[in-house]
Amino acid sequence: MSGSALRYSRITGTGSMLPARRVTNADLAEQLADRGIETSDDWIVERTGIRARHFADASQSASDLALDASRHALEAAGRKAAEVDLIIVATSTPDMVFPSTATILQHKLGIAGCAAMDLQAVCSGFVYALAVADAMIRTGSARCALVVGAEVFSRILDFSDRTTCVLFGDGAGAVVLEASATPGILASDLHADGSHRDILCTPGTVSGGAVLGNPLLRMDGPAVFKLAVRVLEESARAVLAKAGRTDADIDWLIPHQANIRIMQGTAKKLRLPMDKLIVTVDEHGNTSAASIPLALDVAVRSGRVKAGDTVMLEGVGGGFTWGAVLLDL
Ligand code: UT7
(Lines give C-alpha, C1' and ligand atoms only; values in the text may rest on other atoms or scores of the structure.)
Protein backbone atom coordinates (compact mmCIF):
# COMPACT_ATOMS: atom_id res chain seq x y z
CA MET A 1 0.00 0.00 0.00
CA SER A 2 1.33 3.46 -0.83
CA GLY A 3 2.36 5.78 2.00
CA SER A 4 -0.32 8.33 1.06
CA ALA A 5 -3.09 5.73 1.63
CA LEU A 6 -1.88 5.22 5.22
CA ARG A 7 -3.54 8.28 6.69
CA TYR A 8 -4.17 6.93 10.16
CA SER A 9 -2.38 5.22 13.02
CA ARG A 10 -3.43 2.03 14.74
CA ILE A 11 -2.20 0.00 17.72
CA THR A 12 -0.97 -3.35 16.42
CA GLY A 13 0.54 -4.80 19.61
CA THR A 14 0.69 -4.23 23.36
CA GLY A 15 3.13 -5.34 26.05
CA SER A 16 3.96 -4.71 29.68
CA MET A 17 6.37 -5.51 32.47
CA LEU A 18 6.01 -5.53 36.25
CA PRO A 19 9.06 -5.98 38.49
CA ALA A 20 9.00 -9.29 40.38
CA ARG A 21 8.84 -7.78 43.87
CA ARG A 22 5.14 -7.49 44.88
CA VAL A 23 4.54 -5.43 48.00
CA THR A 24 1.13 -5.73 49.64
CA ASN A 25 -0.47 -3.04 51.79
CA ALA A 26 0.24 -5.23 54.82
CA ASP A 27 3.95 -5.44 53.85
CA LEU A 28 4.09 -1.68 53.51
CA ALA A 29 2.20 -1.07 56.77
CA GLU A 30 4.74 -3.28 58.54
CA GLN A 31 7.70 -1.37 57.04
CA LEU A 32 6.16 1.99 57.94
CA ALA A 33 5.37 0.79 61.48
CA ASP A 34 9.11 0.21 61.96
CA ARG A 35 9.51 3.96 61.35
CA GLY A 36 6.68 4.80 63.75
CA ILE A 37 4.25 5.63 60.92
CA GLU A 38 0.74 4.26 61.09
CA THR A 39 -1.23 3.04 58.09
CA SER A 40 -3.37 0.01 57.32
CA ASP A 41 -4.61 -2.20 54.52
CA ASP A 42 -8.15 -1.03 55.37
CA TRP A 43 -7.32 2.67 54.95
CA ILE A 44 -5.44 2.17 51.68
CA VAL A 45 -8.10 -0.10 50.12
CA GLU A 46 -11.01 2.08 51.22
CA ARG A 47 -9.49 5.40 50.06
CA THR A 48 -7.71 4.24 46.89
CA GLY A 49 -8.64 0.68 45.88
CA ILE A 50 -4.94 -0.27 46.00
CA ARG A 51 -4.07 -3.70 47.48
CA ALA A 52 -0.51 -4.18 46.19
CA ARG A 53 2.16 -2.62 44.01
CA HIS A 54 5.42 -3.81 42.46
CA PHE A 55 8.80 -2.26 43.28
CA ALA A 56 11.87 -2.57 41.05
CA ASP A 57 15.07 -3.85 42.61
CA ALA A 58 18.12 -1.60 42.82
CA SER A 59 19.56 -2.90 39.55
CA GLN A 60 16.44 -2.14 37.45
CA SER A 61 15.99 1.21 35.74
CA ALA A 62 13.08 2.61 33.72
CA SER A 63 14.78 1.53 30.47
CA ASP A 64 15.04 -2.08 31.73
CA LEU A 65 11.31 -2.22 32.42
CA ALA A 66 10.66 -0.44 29.10
CA LEU A 67 12.79 -3.02 27.27
CA ASP A 68 10.72 -6.01 28.43
CA ALA A 69 7.42 -4.21 27.77
CA SER A 70 8.64 -3.18 24.29
CA ARG A 71 9.76 -6.71 23.39
CA HIS A 72 6.33 -8.05 24.34
CA ALA A 73 4.56 -5.34 22.31
CA LEU A 74 6.78 -5.95 19.27
CA GLU A 75 6.14 -9.69 19.49
CA ALA A 76 2.37 -9.11 19.70
CA ALA A 77 2.55 -6.81 16.66
CA GLY A 78 4.67 -9.31 14.72
CA ARG A 79 7.35 -6.65 14.26
CA LYS A 80 11.11 -6.72 14.67
CA ALA A 81 12.85 -3.93 16.57
CA ALA A 82 14.64 -3.00 13.31
CA GLU A 83 11.27 -2.02 11.80
CA VAL A 84 10.67 0.67 14.45
CA ASP A 85 11.30 4.20 13.14
CA LEU A 86 10.21 6.21 16.20
CA ILE A 87 10.56 5.60 19.95
CA ILE A 88 8.80 7.77 22.52
CA VAL A 89 9.21 6.97 26.21
CA ALA A 90 6.89 8.75 28.62
CA THR A 91 8.61 8.87 32.00
CA SER A 92 9.19 11.11 35.01
CA THR A 93 11.78 8.71 36.44
CA PRO A 94 14.35 8.55 33.64
CA ASP A 95 17.56 6.54 33.93
CA MET A 96 19.62 9.73 34.05
CA VAL A 97 19.42 13.49 33.47
CA PHE A 98 20.48 12.85 29.88
CA PRO A 99 20.58 11.19 27.42
CA SER A 100 16.95 10.23 27.22
CA THR A 101 15.62 6.88 28.42
CA ALA A 102 14.34 6.43 24.85
CA THR A 103 17.86 6.43 23.40
CA ILE A 104 19.00 3.99 26.11
CA LEU A 105 16.02 1.76 25.27
CA GLN A 106 16.84 2.02 21.56
CA HIS A 107 20.37 0.74 22.22
CA LYS A 108 19.10 -2.06 24.49
CA LEU A 109 16.75 -3.11 21.67
CA GLY A 110 19.84 -3.47 19.48
CA ILE A 111 18.85 -0.80 16.97
CA ALA A 112 20.19 2.61 15.94
CA GLY A 113 19.27 5.46 13.66
CA CYS A 114 15.54 5.94 14.29
CA ALA A 115 14.21 8.97 16.17
CA ALA A 116 14.01 8.50 19.95
CA MET A 117 12.87 10.91 22.64
CA ASP A 118 11.41 11.10 26.13
CA LEU A 119 8.15 12.86 26.88
CA GLN A 120 7.59 14.31 30.32
CA ALA A 121 3.95 14.87 31.23
CA VAL A 122 3.96 12.82 34.45
CA CYS A 123 0.82 10.64 34.76
CA SER A 124 -0.58 12.00 31.47
CA GLY A 125 2.66 11.07 29.72
CA PHE A 126 1.40 8.03 27.84
CA VAL A 127 -1.68 9.81 26.48
CA TYR A 128 0.55 12.70 25.37
CA ALA A 129 3.08 10.30 23.80
CA LEU A 130 0.38 8.41 21.91
CA ALA A 131 -1.06 11.68 20.55
CA VAL A 132 2.41 12.84 19.42
CA ALA A 133 3.20 9.50 17.75
CA ASP A 134 -0.22 9.55 16.04
CA ALA A 135 0.47 13.05 14.70
CA MET A 136 3.92 12.02 13.42
CA ILE A 137 2.48 8.97 11.68
CA ARG A 138 -0.35 10.99 10.11
CA THR A 139 2.11 13.52 8.72
CA GLY A 140 4.32 10.77 7.29
CA SER A 141 7.27 11.32 9.69
CA ALA A 142 6.99 7.77 11.06
CA ARG A 143 5.36 4.48 10.10
CA CYS A 144 6.07 2.16 13.00
CA ALA A 145 6.32 3.77 16.44
CA LEU A 146 7.09 2.24 19.79
CA VAL A 147 5.23 4.22 22.46
CA VAL A 148 6.18 3.38 26.02
CA GLY A 149 5.30 4.45 29.56
CA ALA A 150 7.97 3.36 32.05
CA GLU A 151 8.44 4.36 35.67
CA VAL A 152 10.39 3.54 38.81
CA PHE A 153 8.43 5.83 41.13
CA SER A 154 9.68 3.89 44.16
CA ARG A 155 12.97 5.85 43.68
CA ILE A 156 11.28 9.19 44.35
CA LEU A 157 8.89 8.20 47.15
CA ASP A 158 9.21 9.68 50.62
CA PHE A 159 8.74 6.65 52.89
CA SER A 160 8.24 8.96 55.85
CA ASP A 161 5.09 10.42 54.21
CA ARG A 162 2.18 8.00 54.49
CA THR A 163 -0.06 10.27 52.40
CA THR A 164 1.99 9.54 49.26
CA CYS A 165 4.26 6.49 49.68
CA VAL A 166 1.36 3.99 49.79
CA LEU A 167 0.01 5.14 46.42
CA PHE A 168 2.67 4.48 43.80
CA GLY A 169 4.37 1.52 42.12
CA ASP A 170 6.82 0.65 39.34
CA GLY A 171 6.22 -0.86 35.90
CA ALA A 172 6.13 -0.31 32.16
CA GLY A 173 3.68 -0.67 29.31
CA ALA A 174 4.21 -0.31 25.58
CA VAL A 175 2.32 -0.27 22.32
CA VAL A 176 3.36 -0.53 18.69
CA LEU A 177 1.53 2.17 16.72
CA GLU A 178 1.60 1.75 12.95
CA ALA A 179 0.47 3.65 9.88
CA SER A 180 -2.87 2.31 8.71
CA ALA A 181 -5.45 2.83 5.99
CA THR A 182 -8.21 2.72 8.61
CA PRO A 183 -8.39 4.58 11.95
CA GLY A 184 -7.12 3.41 14.90
CA ILE A 185 -6.72 6.57 16.82
CA LEU A 186 -9.90 8.59 16.32
CA ALA A 187 -9.08 11.77 18.26
CA SER A 188 -6.96 13.13 21.06
CA ASP A 189 -7.33 16.01 23.49
CA LEU A 190 -4.38 17.34 25.52
CA HIS A 191 -4.16 20.08 28.16
CA ALA A 192 -1.87 21.56 30.80
CA ASP A 193 -2.08 24.28 33.44
CA GLY A 194 1.24 25.05 35.10
CA SER A 195 -0.38 27.23 37.75
CA HIS A 196 -1.09 23.97 39.64
CA ARG A 197 2.53 22.76 39.61
CA ASP A 198 2.87 22.77 43.41
CA ILE A 199 0.02 20.35 44.19
CA LEU A 200 1.92 17.38 42.71
CA CYS A 201 5.65 17.66 42.16
CA THR A 202 9.15 16.37 42.78
CA PRO A 203 10.86 19.73 43.00
CA GLY A 204 14.50 18.69 43.39
CA THR A 205 17.06 19.12 40.64
CA VAL A 206 20.81 18.73 40.23
CA SER A 207 23.19 21.65 40.35
CA GLY A 208 26.92 21.88 40.79
CA GLY A 209 27.23 18.16 41.51
CA ALA A 210 24.59 18.13 44.27
CA VAL A 211 20.86 17.64 44.56
CA LEU A 212 19.20 21.01 44.94
CA GLY A 213 15.80 20.98 46.65
CA ASN A 214 13.68 18.02 47.71
CA PRO A 215 14.04 15.14 45.22
CA LEU A 216 11.04 13.25 46.66
CA LEU A 217 7.43 13.30 45.48
CA ARG A 218 4.96 15.43 47.35
CA MET A 219 1.25 15.81 46.70
CA ASP A 220 -1.77 17.64 48.02
CA GLY A 221 -4.01 14.60 47.48
CA PRO A 222 -7.42 16.21 48.04
CA ALA A 223 -6.57 19.16 45.71
CA VAL A 224 -5.39 16.74 42.99
CA PHE A 225 -8.49 14.60 43.52
CA LYS A 226 -10.89 17.53 42.96
CA LEU A 227 -9.11 18.80 39.88
CA ALA A 228 -8.77 15.30 38.40
CA VAL A 229 -12.48 14.54 38.67
CA ARG A 230 -13.37 17.77 36.85
CA VAL A 231 -10.83 17.69 34.03
CA LEU A 232 -11.29 13.99 33.28
CA GLU A 233 -14.95 14.51 32.49
CA GLU A 234 -14.20 17.61 30.38
CA SER A 235 -11.52 15.81 28.40
CA ALA A 236 -13.68 12.73 27.84
CA ARG A 237 -16.46 14.92 26.44
CA ALA A 238 -14.02 16.90 24.28
CA VAL A 239 -12.41 13.84 22.69
CA LEU A 240 -15.80 12.26 21.98
CA ALA A 241 -16.96 15.47 20.28
CA LYS A 242 -13.76 15.66 18.19
CA ALA A 243 -14.28 12.06 17.04
CA GLY A 244 -18.01 12.59 16.38
CA ARG A 245 -18.89 9.84 18.87
CA THR A 246 -20.99 9.72 22.03
CA ASP A 247 -20.46 8.05 25.40
CA ALA A 248 -22.71 5.21 24.18
CA ASP A 249 -19.96 4.31 21.67
CA ILE A 250 -17.35 3.57 24.36
CA ASP A 251 -16.72 -0.14 24.86
CA TRP A 252 -13.96 0.30 27.44
CA LEU A 253 -12.69 3.10 29.66
CA ILE A 254 -9.01 2.79 30.58
CA PRO A 255 -8.22 5.77 32.79
CA HIS A 256 -4.98 6.56 34.58
CA GLN A 257 -4.91 4.15 37.50
CA ALA A 258 -4.51 6.44 40.54
CA ASN A 259 -7.59 5.99 42.67
CA ILE A 260 -10.58 3.69 42.16
CA ARG A 261 -12.94 6.42 43.42
CA ILE A 262 -11.82 8.87 40.69
CA MET A 263 -12.06 6.13 38.04
CA GLN A 264 -15.53 5.03 39.09
CA GLY A 265 -16.66 8.67 39.24
CA THR A 266 -15.53 9.22 35.64
CA ALA A 267 -17.24 6.02 34.44
CA LYS A 268 -20.46 7.11 36.15
CA LYS A 269 -20.38 10.54 34.49
CA LEU A 270 -19.96 8.82 31.12
CA ARG A 271 -22.92 6.55 32.01
CA LEU A 272 -20.71 3.48 31.60
CA PRO A 273 -21.47 0.33 33.58
CA MET A 274 -18.63 -0.46 36.00
CA ASP A 275 -17.79 -3.66 34.09
CA LYS A 276 -16.65 -1.44 31.17
CA LEU A 277 -13.99 0.12 33.40
CA ILE A 278 -10.56 -1.53 33.26
CA VAL A 279 -9.09 -1.63 36.78
CA THR A 280 -5.51 -2.57 37.60
CA VAL A 281 -4.87 -0.01 40.34
CA ASP A 282 -5.68 -2.73 42.88
CA GLU A 283 -2.63 -4.78 41.83
CA HIS A 284 -0.30 -2.12 40.35
CA GLY A 285 -0.91 1.00 42.44
CA ASN A 286 -0.29 4.26 40.58
CA THR A 287 2.53 3.69 38.08
CA SER A 288 2.25 7.20 36.61
CA ALA A 289 2.97 7.20 32.84
CA ALA A 290 3.05 3.39 32.80
CA SER A 291 -0.42 2.89 34.26
CA ILE A 292 -2.52 3.20 31.09
CA PRO A 293 -0.43 1.00 28.75
CA LEU A 294 -0.04 -1.53 31.59
CA ALA A 295 -3.81 -1.66 32.08
CA LEU A 296 -4.39 -1.83 28.31
CA ASP A 297 -2.01 -4.77 27.96
CA VAL A 298 -3.56 -6.65 30.89
CA ALA A 299 -7.03 -6.10 29.38
CA VAL A 300 -5.95 -7.21 25.89
CA ARG A 301 -4.07 -10.29 27.09
CA SER A 302 -6.96 -11.38 29.31
CA GLY A 303 -9.19 -11.26 26.21
CA ARG A 304 -11.51 -8.58 27.60
CA VAL A 305 -10.51 -5.80 25.20
CA LYS A 306 -10.56 -7.07 21.61
CA ALA A 307 -9.78 -5.89 18.08
CA GLY A 308 -12.58 -3.60 16.91
CA ASP A 309 -13.48 -2.32 20.39
CA THR A 310 -13.69 1.44 20.99
CA VAL A 311 -11.45 2.42 23.89
CA MET A 312 -11.15 5.69 25.80
CA LEU A 313 -7.75 6.32 27.42
CA GLU A 314 -7.53 9.15 29.94
CA GLY A 315 -4.56 10.58 31.80
CA VAL A 316 -4.20 13.18 34.53
CA GLY A 317 -1.29 14.23 36.70
CA GLY A 318 1.51 16.57 37.65
CA GLY A 319 1.87 19.84 35.84
CA PHE A 320 -1.13 19.90 35.98
CA THR A 321 -1.55 17.89 32.76
CA TRP A 322 -4.50 15.95 31.45
CA GLY A 323 -5.89 14.50 28.27
CA ALA A 324 -7.69 11.69 26.48
CA VAL A 325 -7.30 9.52 23.40
CA LEU A 326 -10.24 7.74 21.77
CA LEU A 327 -9.33 4.78 19.58
CA ASP A 328 -10.64 1.74 17.79
CA LEU A 329 -8.42 -1.20 18.60
O1 UT7 B 1 -1.26 10.31 39.68
C2 UT7 B 1 -1.73 11.62 39.57
C3 UT7 B 1 -3.09 11.72 40.04
N4 UT7 B 1 -3.14 11.51 41.48
C5 UT7 B 1 -4.31 11.30 42.05
O6 UT7 B 1 -5.30 11.21 41.35
C7 UT7 B 1 -4.39 11.25 43.55
C8 UT7 B 1 -5.60 12.02 43.98
N9 UT7 B 1 -5.85 12.01 45.40
C10 UT7 B 1 -6.26 10.90 46.05
O11 UT7 B 1 -6.34 9.83 45.47
C12 UT7 B 1 -6.67 11.03 47.51
O13 UT7 B 1 -6.76 12.39 47.82
C14 UT7 B 1 -5.71 10.32 48.49
C15 UT7 B 1 -5.82 8.83 48.33
C16 UT7 B 1 -4.28 10.77 48.24
C17 UT7 B 1 -6.10 10.67 49.92
O18 UT7 B 1 -7.45 10.33 50.16
P19 UT7 B 1 -8.45 11.36 50.87
O20 UT7 B 1 -9.73 10.68 51.00
O21 UT7 B 1 -8.40 12.63 50.06
O22 UT7 B 1 -7.81 11.53 52.30
P23 UT7 B 1 -7.20 12.83 53.01
O24 UT7 B 1 -5.93 13.23 52.33
O25 UT7 B 1 -8.28 13.85 53.13
O26 UT7 B 1 -6.85 12.24 54.43
C27 UT7 B 1 -7.86 11.74 55.32
C28 UT7 B 1 -7.20 11.28 56.60
C29 UT7 B 1 -6.22 12.28 57.19
O30 UT7 B 1 -6.33 12.24 58.60
P31 UT7 B 1 -7.17 13.35 59.39
O32 UT7 B 1 -6.52 14.66 59.03
O33 UT7 B 1 -8.57 13.22 58.88
O34 UT7 B 1 -6.98 12.93 60.80
C35 UT7 B 1 -4.88 11.75 56.78
O36 UT7 B 1 -3.85 12.13 57.65
O37 UT7 B 1 -6.43 10.10 56.34
C38 UT7 B 1 -5.10 10.26 56.86
N39 UT7 B 1 -4.18 9.50 56.01
C40 UT7 B 1 -3.86 8.21 56.25
N41 UT7 B 1 -4.23 7.36 57.21
C42 UT7 B 1 -3.73 6.11 57.16
C43 UT7 B 1 -3.53 9.92 54.91
N44 UT7 B 1 -2.79 8.91 54.41
C45 UT7 B 1 -2.96 7.86 55.23
C46 UT7 B 1 -2.47 6.54 55.23
N47 UT7 B 1 -2.88 5.71 56.19
N48 UT7 B 1 -1.63 6.08 54.28
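Mentor: Helices (H or I, at least four residues) and strands (E, at least two) are DSSP runs, numbered from the N terminus. This is a predicted model, in which local features need pLDDT of at least 70 and side-chain atom pairs count only at pLDDT 80 or more, while totals for chains, interfaces and linings use all residues. Residues are numbered from 1 along each chain as its sequence is written, and side-chain values use heavy atoms, with hydrogens and water left out.

Trainee: Where is Ser288 found?
Mentor: Ser288 is in the loop between helix 9 (281-284) and helix 10 (291-301). Its phi is positive, near 50°, although Ser288 is a residue other than glycine.

Trainee: Is Ser288 buried or exposed?
Mentor: Ser288 counts as buried, at 0% relative accessibility. Buried means under 20% relative accessible area, exposed over 50%, and partly exposed in between (1.4 Å probe, protein chains only).

Trainee: And what is the phi of Val122?
Mentor: Val122 has a positive phi of about 50° and is not a glycine. Val122 sits in the loop between strand 5 (115-119) and helix 5 (125-138), and at 18% relative accessibility it counts as buried. Most residues other than glycine have a negative phi, and most peptide bonds are trans.

Trainee: On peptide bonds, which residues does a cis bond join?
Mentor: Phe98 and Pro99 are joined by a cis peptide bond with omega of about 5°. Pro99 belongs to the loop between strand 4 (86-90) and helix 4 (101-108). The bond from Gly319 to Phe320 is also cis, with omega near -5°, and Phe320 lies in the loop between strand 14 (310-317) and strand 15 (321-328).

Trainee: Now the core: how many residues does the largest nonpolar core have?
Mentor: The largest nonpolar core has 45 residues, and those with the most contacts inside it are Val166, Leu253, Met312, Val316 and Phe320. Helix 7 gives the largest share of this core, eight residues. Such a core is a set of buried Ala, Val, Leu, Ile, Met, Phe, Trp, Tyr and Cys residues joined through side-chain atoms within 4.5 Å.

Trainee: Which residues of helix 1 are buried?
Mentor: In helix 1 (residues 25-34), the buried residues are Asn25, Leu28, Ala29 and Leu32. They lie on the same side of helix 1 because they cover an arc of only 100° around the axis, the arc being that of the directions from the helix axis to the C-beta atoms.

Trainee: What do those buried residues pack against?
Mentor: The buried residues of helix 1 pack against strand 2 (21-24), helix 2 (41-48), strand 3 (52-55) and helix 6 (162-165); contact means heavy atoms within 4.5 Å. The face turned away from the buried side carries the exposed residues Glu30 and Asp34. Gly36, with a positive phi near 80°, follows helix 1.

Trainee: Finally, how many residues surround the ligand?
Mentor: The ligand is surrounded by 24 residues, the closest being Thr39, Arg47, Arg162, Asn259 and Asn286; a residue counts if one of its heavy atoms lies within 4 Å.

Trainee: Which distance goes with the side chain of Asn259?
Mentor: An N or O atom in the side chain of Asn259 is 2.7 Å from an oxygen atom of the ligand. For Arg162, a backbone N or O atom lies 2.9 Å from a nitrogen atom of the ligand.

How values were computed
A polar contact is a pair of N or O atoms within 3.5 Å; within protein, one must be able to donate a hydrogen and the other to accept it, and residues adjacent in sequence count only if both atoms are side-chain atoms.
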